[in-house]
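Subject: Structure for your review

Dear colleague,

Please find below the structure that I am handing over to you. My findings follow it, grouped by region.

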Amino acid sequence: MRKIFISILLIFTACTRLVSFPGGTPQASPVASTTFSVDIHPDGPRYVGDQISFEVFSPTLFETSQKTISISFAGKPLAEKSFEQHAIGQRKQATFPWVWNTSGLSAGDYTLNFALLPDGIRWEEKVTLRPASELPAAEKNAHWETTETTCCIIHTISGTDAANDITPLKEMVDAQAADVESRMGTHLTDKIPITFLPRTIGHGGFTSDAIYVTYMHKNYAGGTTLQVTHHEMVHWVDGKLGSAGFRPTILQEGLAVYLSNGHFKVEPIVPRGAAILELGWYIPLSKLADSFYFSQHETSYTEAAALISYMVKTYGWENFNSFYRDIHPAQDGSDAKALDNALQIHFSISLDTLEQNYLAFLRNQTGDNTAQTDMRLTVAFYDTVRRYQMKLDPSAYFLNAWLPDAPSMRQRGIVTDFLRHPDTGINRQIEALLVSGDANLRSGNYPLTEVYIRAANLLLDVYERIDSQTWRGKKSPVP
Ligand SMILES: [Zn+2]
């Protein structure tokens, strides 16, 4: 279980990341609290038969070393866990996957007891279980299905859009894998495990020891399946090709975008890199290298991809690839320093010199108003997606996403963590606006794109004013 949470740290992808920015938009942060708090999974109503998970968050600055959280039910302990840093956001939490099996219980209200050990702080959480007979139709008899193609082993959940569209999806993954093999000059010997998720998580894709891609006819994080699949496959093959010891995130993600001809869609990478500079959003390379996932997401990925474009154009693919696969960790642990060392060895230049040359290259590009408008609205759209996730779909927010281990889910026959998500009226309204905004952005109708983005943010403003307190669950006593 924990393995996947950690490995996901490595490559979240086309991925997934951040809310904020070089220049000043609000930075995402772990839960800021003065009390312990608890998230309960799966999201939404719970039903008899659910296998329920808990995430317990410590108060800000609370010292958690040598401390554990214990959960018990009906006088019997369910599990005891220590605090660990979780996922990309490094949120400190105790994680309890599927510790409460509600099979055999009656519908009704239940109390679970939480305790911080050894201090003895204790509190309760209430969970309501609905009758299993009231399960949504899509969940009754839902089960995992697996099929193989030339390139891949595909996992889906029955009745979902992916399961219903499995024939074209099989053709799609084979075509994307063949393209990635061709562009990376290799041939896959192992089949790629791909799980198509019926739920938006992060920006729609990630790679760990397998590939996970959201596939929904209405994905509020954008209609990105083909592009994200290609991006994740680049990560997969990139990892298989290996390196001398260290592949900086800025180059891993830049390469995935560069070799996919775009981030969330096929798009002109260098003009978009120049647009970032013109918009005043350029992130200095040393800062970007050392805090990639904590810099503005779309700017980071595009700037990194344009850097790869520049380096390949300047030094040639073979020389770039030799450099990329011969980077060693720096003594101070800095990605920027590791890059600087390898640049000196392979190209006799410093990171500062590379940056000056790269900036001159970007300034020489002809101004592209469409690229600038598209880049600006892409950032605005995904900022809105992440704002929505943080407020109303927190399990999907990439820094702290709830990403249970899919092989374990298949082994245990669990589908609910990927099938349920918050589905209140305001969820449906904002998601519909985001789906429309994405469709207009893709078709180049920028004025209408802006209208939908503004409408979604207006609803989020209203939500924040009316109710900003209750979403994350009940608070425990202050220790
Ligand atoms: Zn990626």
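Is D352 buried, partly exposed or exposed? The model is a predicted one, and in it D352 has 14 other C-beta atoms within 10 Å. A residue needs 20 or more to be buried and 12 or fewer to be exposed, so D352 is partly exposed. D352 belongs to helix α11.

Helix α10

Just after α10 comes S348, which takes a positive phi of about 55°.

Helix α6 and its contact with α8

Helix α6 spans residues 269–278 and is mostly covered, with 8 of its 10 residues buried. These are I269, P271, R272, G273, A274, A275, I276 and E278. The cover over them includes α5, α8, α11 and α12 (369–392). After α6 comes G280, with a positive phi near 80°.

The packing of α6 on α8 (residues 297–315) can be described in some detail. The axes of the two helices are 8 Å apart, and the packing angle is about 125°. α6 is therefore oblique to α8. The crossing of these two helices is left-handed. On the α6 side, the contact is made by I269, V270, R272, G273 and I276. On the α8 side, it is made by T299, T302, E303, A305, A306 and S309. By class, the residues of this contact divide into 5 nonpolar, 4 polar and 2 charged.

An α-helix has 3.6 residues a turn, so residues three or four places apart point the same way.

Helix α8 and its contact with α12

α8 also meets α12: their axes come within 8 Å and cross at roughly 135°. This makes α8 oblique to α12. The α8 residues in this contact are H297, E298, T299 and T302, and they meet M375, T378, V379 and Y382 of α12. The contact has 3 nonpolar, 4 polar and 1 charged residues. T299 and T302 are listed in the contact of α8 with α6 and again in the contact of α8 with α12.

Cis peptide bonds

P42 lies in the loop between β1 (37–41) and β2 (46–47). The bond from L117 to P118 is likewise cis, with omega near 5°. P118 is placed in the loop between β8 (108–117) and β9 (121–130).

W98 is not a glycine, yet its phi is positive, at about 55°. This residue is in strand β7 (residues 91–101). W98 counts as buried because it has 21 C-beta neighbours inside 10 Å, where 20 or more are required.

N141 is not a glycine either, and its phi is positive at about 65°. Its place is in the loop between β9 and β10 (144–148). N141 has 10 other C-beta atoms within 10 Å and is therefore exposed.

Helix α3

One further residue is A178, in helix α3 (residues 166–184). A178 and M311 are 133 residues apart in sequence, and their C-alpha atoms are 25 Å apart in space.

Yours sincerely,
A colleague

Methods. Residues numbered from 1 in each chain as written. Predicted model: local features only at pLDDT ≥ 70, side-chain atom pairs only at ≥ 80, totals over all residues. Axes fitted to C-alpha atoms, helices over the stretch in contact; angles between N-to-C directions. Helix = DSSP H or I, 4+ residues; strand = E, 2+ residues; numbered from the N terminus. Parallel < 35°, antiparallel > 145°, perpendicular 65-115°, else oblique. Left-handed = near helix turned anticlockwise from the far one by under 90°. Contact = placed C-beta atoms within 7 Å. Nonpolar A, V, L, I, M, F, W, Y, C, P; charged D, E, K, R; others polar.
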